[in-house]
Amino acid sequence: MSKRDFYEVLGCQRQADEASLKSAYRKLAMQFHPDRNPGNSEAEAKFKEVNEAYDTLKDPQKRAAYDRFGHAAFENGGGRNGFNGGFGPEFTSSMSDIFEDIFGDFMGGGRGRQGGASRLRGSDLRYNLEITLEESFLGQTVEIDVPTLVSCTTCDGSGAKPGTGTHTCRQCGGHGKVRAAQGFFTIERTCPVCQGRGEMMDEPCTDCGGQGRRQQNRKLAVDIPSGIEDGTRIRLANEGEAGIRGGPPGDLYIFVSIKPHDLFHRDGADLYARVPIAMTTAALGGEFEVPTLDGARAKVKVAPGTQPGQRVRLKGKGMPVLRSKETGDLYVQLDIETPQNLSKRQRELLEEFVRLTTEETNPTSDGFFHKLKRMFEA
Ligand SMILES: [Zn+2]
Ligand SMILES: [Zn+2]
C-alpha cells in the first residue's frame, strides 16, 4: 500500500503556511475523530493519516526533510530494499532522533558518533507526578506505570531477524554518505536509507519491525523524599526509552507537582494557615486546635486583645527540610470576624460596651480619631 502525499492528505498546497496547515488539520481531525465515528474503521484510518501528516508538517525541520526526500525521509529500508516500511506510527517519538542524525551530520553539527550512527539513543521521557502535601511531608515510594519502548527480546535489541545477515546499502554503495548536486555545489550528507551504516539488514525482526525495541508499559518504583518541593525534577538515568537497534537508553524525568492544600500554604519549609476567629475570642483570648500534617493536632493560643492579621508561630510544625533533620514552622494567621445579624439584646449589649469604651480599650483608633479631629480644626 503506497502512502499518500502529506499535503494531499491535508488538502493543502506545498507552499501553505503554518496557520493554514493547522486549520486544515483541525477541520479534518474533528471530522474523522474516533469519538464522532464510533466503530468506523475507515474514519479511524483517516484520522491516523491526518495526524501523521500534520505531525510531520508542523515541525519545520521535519517538513523541510519531507519536502526534500518525501516519505523516504522517515523510513528505514524503504520500498527499495524490499522492506515493508518497518516503523509504524507508534514509533513517532524516535523520529526526532533520526532527524538529528540526518541533519546533525548534514549541517556539520552531529553528535560525534562514529561508525554506529544507526544505534540511536532512546528518547528521554517525562512523567508528571502529582502528589499531596501530606505525601510530600511523609515521603514515600510511589509506583508509576510508564508507557515506553523496551529492548526487543526476540532480536536482543539488534533489529535483525535472528539467523539473518546484512547486505551493502544499495543507495550509497556502502559509503554511508550520498552526494547531491545543487547548482554549483555538491552536498554530501548521511545516507538517508542506511543512516550512515553502509549496510542493511537482510530481514528485519518481525516482532519489532527492525527497531530493536517494542512498546510496553513499565512499572517503576520512585522514591519521593520527605520534604520534596513543588516543581522538583527527579532524573532516573537510563530509565527512558530503549535505544534503536541496541543504542543506549534515554533517561526518565519525573516532574513532581504538589496539589494545593485546603488549609496550608507552603513557603519553603514553612507552612501558613489563615484561621478566622470571633471578635470576642480576639478580645477575651482563648484557644483552639488545628490539624497538622503528621496527622496530629496542635493547640493555638489566642492572647487577649489579638489584632487582625496577627500570627501565632508553632515551632517545628512545618515541613521537613529535604535530606536533613530540620523542620520548618507553622504560622497561623488570625483573621477576626466582626459579628453580623445582631439580635436586639446583642445590639443593646454592644451599645452599652461602646459607652464604656475608653482610650485604653481602643488605643489605636482613639489616637487616630484624635489626629483627624486636630486636622479638621486646623
Ligand atoms: Zn526485534
Ligand atoms: Zn546507505
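Asparagine 341 counts as exposed, at 77% relative accessibility; exposed here means over 50% relative accessible area, buried under 20% and partly exposed in between (1.4 Å probe, protein chains only). Its phi is positive, about 50°, although asparagine 341 is not a glycine. The residue sits in the loop between strand E15 (330-337) and helix H8 (344-356), where helices (H or I, at least four residues) and strands (E, at least two) are DSSP runs numbered from the N terminus. Arginine 245 is another non-glycine with a positive phi, about 45°. That one is found in the loop between strand E8 (232-236) and strand E9 (252-258), but arginine 245 is buried, with a relative accessible area of 6%.

A word on conventions: this is a predicted model, with local features needing pLDDT of at least 70 and side-chain atom pairs counting only at pLDDT 80 or more, while totals for chains, interfaces and linings use all residues. Residues are numbered from 1 along each chain as its sequence is written, chains are lettered from A and ligands numbered from 1 in the order in which they are written, and side-chain values use heavy atoms, with hydrogens and water left out.

Now to the metal. The zinc ion (ligand 2) is held by the SG atoms of Cys169, Cys172, Cys191 and Cys194, at 2.2 to 2.3 Å. Donors are N, O and S atoms within 2.8 Å of the metal (3.2 Å for Na, K and Ca), and because water is not among the atoms, sites may look incomplete. Along the sequence, the donor residues follow the spacing C-x2-C-x18-C-x2-C. Cysteine 172 lies in the loop between strand E3 (166-168) and strand E4 (177-182) and cysteine 191 in the loop between strand E5 (185-190) and strand E6 (199-201), so this pair ties together parts 19 residues apart in sequence. Cysteine 172 is buried at 6% relative accessible area, and cysteine 191 is buried at 0%. Cysteine 194, also in the loop between E5 and E6, is buried at 0% relative accessibility. Contacts of cysteine 191 (heavy atoms within 4.5 Å) beyond four places in sequence include Gln171, Lys177 and Val178.

As for the record, an unreviewed UniProt entry puts the feature "binding site" at Cys169, Cys172, Cys191 and Cys194. These positions are spread over 26 residues of sequence, yet they cluster in space, with a largest C-alpha distance of 9.1 Å.

Tyrosine 25 and tyrosine 54 are stacked, because their ring centres are 4.2 Å apart and their planes at 10°. Tyrosine 25 belongs to helix H2 (residues 18-32) and tyrosine 54 to helix H3 (residues 41-57), 29 residues apart, and both are buried. Tyrosine 272 and tyrosine 331 are stacked too, with centres 5.2 Å apart and planes at 15°. Of these, tyrosine 272 is partly exposed at 23% relative accessibility, whereas tyrosine 331 is buried at 19%. The charged end of arginine 311 sits over the ring of tyrosine 331, 5.7 Å from its centre; the criterion is NZ of Lys or CZ of Arg within 6 Å of the ring centre and within 35 degrees of the ring normal.

Definitions and conventions: UniProt positions are given in the numbering used here, feature names are shortened, and annotations may be inferred rather than shown by experiment. Rings of Phe, Tyr and Trp (its six-membered ring) pair if their centres lie within 6.5 Å; planes under 30 degrees apart count as stacked, over 60 as edge-to-face and the rest as tilted.
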